[in-house]
Amino acid sequence: MGSGTVLDTARFRYMLSDHCGVDPRNIHGYILGEHGDSEIAPWSLTHIAGMPMDEYCAICRKCEDWKQVQGDILERVRKSAYHIIDYKGATNYAIGLALVRIIGAILRNEHSILTVSVRLNGEYGIHDVCLGVPCLVSDQGVERVIEGKLSAGEQAGLLHSASVLQDAWKQLQEESPS
């Protein structure tokens, strides 16, 4: 397993928390795919107080154009590492915290759902690529992938993210000396 999108998921929940004025521990949502520009925010799997985001927005009323805010939040999550690198030159502390979270889940046998990177073997219709997806993590490592029901657009986005990584792998193989 790799660190996947655990860090991006934490940033995502924080940004939703900040926007909605709700403690991030009460926000359940994930960033899936590669840790990078093709990652996706599956809003269909995002909930506050057990309510899907679209239902919660009717109560929240903090914004007039929720779809625009969704895009803005995802873009901020995707670009946050670039901003930190511009300021500090590296992002080593945040990834360290994400690794502490993953290791804690393993050592304490938490059975936590974390978006670690695992090789997919048909989950989400994807084969032979490692992506950050929700996984049950315990003292056994990844016990299983939790395959949530994505919308058609979200599924297409996750397939695109997988293809980005597959293409990068193919390019590396072509460039490596025999």
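**Exercise 1. The surroundings of E143**

Leaving aside its neighbours within four places in sequence, with which residues is E143 in contact? State also where E143 lies and classify its accessibility.

*Solution.* The structure is a predicted model.

Step 1. Locate the residue: E143 belongs to strand 8, which covers residues 141-145.

Step 2. List the contacts. When neighbours within four places in sequence are left aside, E143 is in contact with H111, L136 and S138.

Step 3. Classify the accessibility. The relative accessible area of E143 is 36%, so the residue is partly exposed.

Step 4. Consider a residue elsewhere in the chain. E143 and W66 are 77 residues apart along the chain, and their C-alpha atoms are separated by 35 Å.

**Exercise 2. The packing of helix 1 and helix 4**

Determine how helix 1 and helix 4 are oriented towards each other, and name the residues through which they meet.

*Solution.* 

Step 1. Two packed helices are described by the angle between their axes and by the distance between the axes.

Step 2. Read the values. Helix 1 (residues 6-20) packs with helix 4 at an angle of about 100°, and the axes are 9 Å apart.

Step 3. Apply the cut-off. Angles from 65 to 115 degrees count as roughly perpendicular. Helix 1 and helix 4 are therefore roughly perpendicular to each other.

Step 4. Name the residues. From helix 1, V6, L7 and R11 take part; they meet A94, I95, A98 and I102 of helix 4.

**Exercise 3. A nonpolar patch on the surface**

Which residues form a nonpolar patch on the surface with about 300 Å² of accessible area together? Examine L107 in particular.

*Solution.* 

Step 1. Identify the members: the patch consists of L99, I103 and L107.

Step 2. Classify L107. Its relative accessibility is 69%, and L107 therefore counts as exposed, since the class begins over 50%.

**Exercise 4. Salt bridges**

How many salt bridges does a search of the whole structure find? Compare the surroundings of the pairs R11 and D8, D23 and R25, and E75 and K79.

*Solution.* 

Step 1. State the total: the search finds eight salt bridges.

Step 2. Treat R11 and D8. The closest N and O atoms of this salt bridge are 4.0 Å apart. Because R11 and D8 are three residues apart in helix 1, about one helical turn separates them. R11 has a relative accessibility of 11% and so counts as buried. D8, at 2%, also counts as buried.

Step 3. Treat D23 and R25. Their side chains meet in a salt bridge with an N to O distance of 2.7 Å. D23 counts as partly exposed because its relative accessibility is 30%, whereas R25, with 69%, is exposed.

Step 4. Treat E75 and K79. The salt bridge between their side chains has an N to O distance of 3.7 Å. Both residues lie in helix 3, four residues apart, which is about one turn of the helix. E75 is partly exposed at 33% relative accessibility, and K79 is partly exposed at 27%.

**Exercise 5. Positive phi angles**

What is the phi value of Y124, and what is that of D128?

*Solution.* 

Step 1. Phi of Y124 is near 55°, a positive value in a residue other than glycine. D128, which is not a glycine either, has a positive phi of about 55°.

Step 2. Y124 lies in the loop between strand 5 (117-121) and strand 6 (127-132), whereas D128 lies in strand 6.

Step 3. Y124 is buried, because its relative accessible area is 2%.

Methods:
Residues numbered from 1 in each chain as written. Predicted model: local features only at pLDDT ≥ 70, side-chain atom pairs only at ≥ 80, totals over all residues. Heavy atoms only, no water. Patch = residues over 30% accessible without salt bridge, like charges linked within 9 Å, V, L, I, M, F, W, Y side chains within 5 Å. Areas by Shrake-Rupley, 256 points an atom, 1.4 Å probe, with all protein chains shown as cover. Buried < 20%, exposed > 50% of the residue type's maximum accessible area, 1.4 Å probe, protein only. Axes fitted to C-alpha atoms, helices over the stretch in contact; angles between N-to-C directions. Helix = DSSP H or I, 4+ residues; strand = E, 2+ residues; numbered from the N terminus. Parallel < 35°, antiparallel > 145°, perpendicular 65-115°, else oblique. Contact = heavy atoms within 4.5 Å.
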